[in-house]
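Trainee: I would like a close look at a single part of this model, taken step by step. Please keep to what can be checked in the structure.

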Amino acid sequence: MYDIWRSGFVRRSLSSVTATGGVDAAELVWLPDSGPFQYVADPFGIERDGVLTVFVEAFDYRVRRGEIHFYQYGADDALIGQGTALIEPVHLSYPSLIEDGGELYMLPEGYKAGGLTLYRCVRFPDQWEPARQIMDVPAIDATVVKHGDKWWAFYSLPGPADRAMRELHVAYADSLMGPWTPHAANPVRTGFDTSRPGGTAFVHDGALHLPVQDCSTTYGAAINLLRIDVLTPETFEARPVKRFEPTGLLGDHEDGLHTLSGMGDLTFVDVKRILQSSSEGWIKAQFKLRRLLGLNKPRAGRRAGRGKKAGHISRLTAVDLREARVRG
């Protein structure tokens, strides 16, 4: 059995989506199908100079190591470019975006590296360099937001008995670069239905809201939205106020929805299909053979900070190719 994800976006803000109770199938623009036994998930995006860029986890079951890819759309929502943004030796996913001090950063999950590394954009959208390891814990699906006079990070941690799906942890800092301090009440929340982060933290009706995954029946079955009523270094109080489900959004992809992210007037989601296939044995055999031959390692010249070889670009606009830095 395989989880196959599709990612899409709507041109409405997270606050608007929350106020109306969700998105309609008719307003969603879906990223291209990745092909057999591949998917793109965890969409996060940003619009610059009339071009929308969506960053995703790209995963192939024959390789089993996620990479960060991007897709670009024009004002008419037609696909105009795609390529590779970031590859590391470890699995990468959840490419959340952060703007601070005139810089654009990406905070992908790479928990198998043992820490949480923040990447700075050197050339948009295909070149990123490590700026700092801001946490020395293997944070999963870390969601960072500036709220009040502090930066806050919401994340899960790996461990036995599906710990990553049933505990919510928090850390705080005065600066994005840290130092970060774990919350005094960690884990601040437990339970498979409202603990693992699943998208962008945002303010709606004057309160901070955090999308979290419902993993009570399957990984990423739906998104529950937490309204955070009290957030201090010593205290955390939150309650679920809305639920977003995959039903009716995309054909047979109704087995899960585990990302609700956004920036500005854009919202991004992904939906899941659990695929049962007689090819499972063959796909596993391909993975083992590729691993034996060393074919599952990152391709040379495609890693972070490797200059012009950092990723393949297809039909990008001139303004994107010439940006040395992303304006804040």
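How many of the eight residues of strand β7 (residues 93–100) are buried? Please go on from there to the strands around it.

Mentor: This is a predicted model, and what follows should be read that way. Strand β7, residues 93–100, is mostly covered, with six of its eight residues buried; here buried means under 20% relative accessible area.

The partner of β7 is strand β8, which takes in residues 103–109. The two run antiparallel and are joined by six bridges. Together β7 and β8 make a hairpin, with two residues between the strands. Gly 101 lies in that turn, and its phi is positive, about 60 degrees.

Four strands form an open sheet, in the order β7-β8-β9-β10, and the pairing is antiparallel. The edges are held by β7 and by β10 (127–135). Each of these has a single partner strand, so one side of each is left without a neighbour in the sheet. From one strand to the next, the twist averages 30 degrees.

On to the next pairing in that order: β8 and strand β9, residues 116–123, are joined in the antiparallel sense by two bridges. To locate this pairing in the model, look for Tyr 105, whose bridge partner in β9 is Arg 120.

For comparison, look at another sheet in the model. Four strands in the order β2-β1-β22-β21 also form an open sheet with antiparallel pairing. Its edges are β2 (29–30) and β21 (256–263); each has a single partner strand, so one side of each lacks a neighbour in the sheet. Within this sheet, strand β1 (residues 2–10) is joined to strand β22 (residues 266–275) by nine bridges, and these two run antiparallel. Arg 6 stands opposite Val 271 in β22.

Helix α2 spans residues 280–292, and its buried residues are Ile 283, Gln 286 and Phe 287. They cover an arc of only 100 degrees around the axis, which puts them on the same side of α2. An α-helix has 3.6 residues a turn, so residues three or four places apart point the same way. On the other side of α2, Trp 282, Lys 288 and Leu 292 are exposed. After α2 comes Gly 294, with a positive phi near 75 degrees.

Methods: Residues numbered from 1 in each chain as written. Predicted model: local features only at pLDDT ≥ 70, side-chain atom pairs only at ≥ 80, totals over all residues. Heavy atoms only, no water. Buried < 20%, exposed > 50% of the residue type's maximum accessible area, 1.4 Å probe, protein only. Pairing = 2+ DSSP bridges. Axes fitted to C-alpha atoms, helices over the stretch in contact; angles between N-to-C directions. Expected span 1.5 Å × (residues − 1). Arc of directions from axis to C-beta.
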